[in-house]
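Student: Could you take me through how charged side chains hold separate stretches of this chain together? I'd like a close look at just that, and then at whatever sits beside it.

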Amino acid sequence: NISALLFQGWFRNIRFTPINNSNHLMATDFHLIGKSTSNFSRFIVSCTKQVKRNDRKVSILLPVFNEAKTVKSSIQRVINKDLNGIEKELIIVESNSVDGTREIVKEFSSVENVKLILQEKPMGKGFAVREGLKHVTGDFILIQDGDDEYDIEDYDILLSTLMTGLESFVLG
C-alpha cells in the first residue's frame with residue numbers, strides 16, 4: 001500500500017486524510033528520517049482500491065505492414081500468451097499491405113478479443129498506432145510489432161512493473 005511505499009522511501013509517522021469522497025488521500029504528519037517536517041509540504045497521492053489481476057485488462061496494439069512472413073506467428077503467439085489472469089484484447093491495424101499480410105490478418109477477424117482495423121493506405125507506424133489507440137479498452141497498452149522485434153515473453157515483467165503501481169510507463 002502507499003504507506004508501505006513511503007515507509008520504504010524513508011518516510012515515517014505517515015497519516016492519511018481522505019479528500020472530499022474521492023480516491024485521493026492527503027499524506028500529513030510525516031517526516032523523513034533525519035529531517036524535520038518543516039521542509040516538507042503536504043502532498044496528495046492517488047490511490048485506488050487494490051485490484052486483482054483478473055480485474056485488469058491489457059490492450060495489445062499490433063500495427064502491421066508488409067509482414068506476411070512473420071505476422072501469422074506473431075498474432076498466434078499473442079493470442080496464446082497467458083497473462084496470469086489479466087484479460088487481453090488484440091488490436092491489429094493493417095495498413096493495406098501488398099505482400100498478402102492483409103489476407104493473413106483477416107483470418108483472425110472472428111477470434112474473440114481481436115479487433116481488426118483495415119487502413120486504406122499506409123501512413124506509417126505512428127499513424128497506425130494512433131489509429132489503434134482510438135479502439136483500446138484496456139487498463140494498460142502494449143505495442144507489439146508484427147515482425148517479432150519485441151519478445152512476447154517480456155510481457156510478464158513489463159506488466160508486473162505496471163501492476164505494482166510503481167511505474168506508469170515502461171519501455172522494454
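Tutor: Start with Arg77 and Asp151, which form a salt bridge with their closest N and O atoms 3.8 Å apart. Arg77 sits in helix α2 while Asp151 is in the loop between β9 and α5, so this pair ties together parts that are 74 residues apart in sequence. (A salt bridge here is a side-chain nitrogen of Lys or Arg within 4 Å of a carboxyl oxygen of Asp or Glu; helices are DSSP runs of H or I with at least four residues, strands are E runs of at least two, and both are numbered from the N terminus.) Keep in mind that this is a predicted model, in which local features need pLDDT of at least 70 and side-chain atom pairs count only at pLDDT 80 or more, while totals for chains, interfaces and linings use all residues. Residues are numbered from 1 along each chain as its sequence is written, and side-chain values use heavy atoms, leaving out hydrogens and water.

Why can such pairs form at all? Side chains of opposite charge can pair when their charged atoms come close.

Both partners here are partly exposed: Arg77 has 34% relative accessibility and Asp151 has 39%. (Buried means under 20% relative accessible area, exposed over 50%, and partly exposed in between, with a 1.4 Å probe and protein chains only.)

Now look at Glu153, whose side chain meets that of Lys81 in a salt bridge of 3.1 Å, N to O. Glu153 is in the loop between β9 and α5, and Lys81 is in the loop between α2 and β7, so that pair ties together parts 72 residues apart in sequence. Glu153 is partly exposed at 48%, but Lys81 counts as buried at 10%.

There's also Lys57 with Glu87, their closest N and O atoms 4.0 Å apart. That pair joins strand β6 to strand β7, across 30 residues. Lys57 and Glu87 belong to a salt-bridge network with Glu89 and Lys115. The structure holds 11 salt bridges.

And what sits beside that loop? In α5, Tyr155, Leu158, Leu159 and Leu162 are buried. Looking down the axis of α5, they fall within an arc of 90°, so they line one face of the helix. (The arc is that of the directions from the helix axis to the C-beta atoms.) Their cover includes β6, α2 and β9, where contact means heavy atoms within 4.5 Å. After α5 comes Gly165, with a positive phi near 85°.
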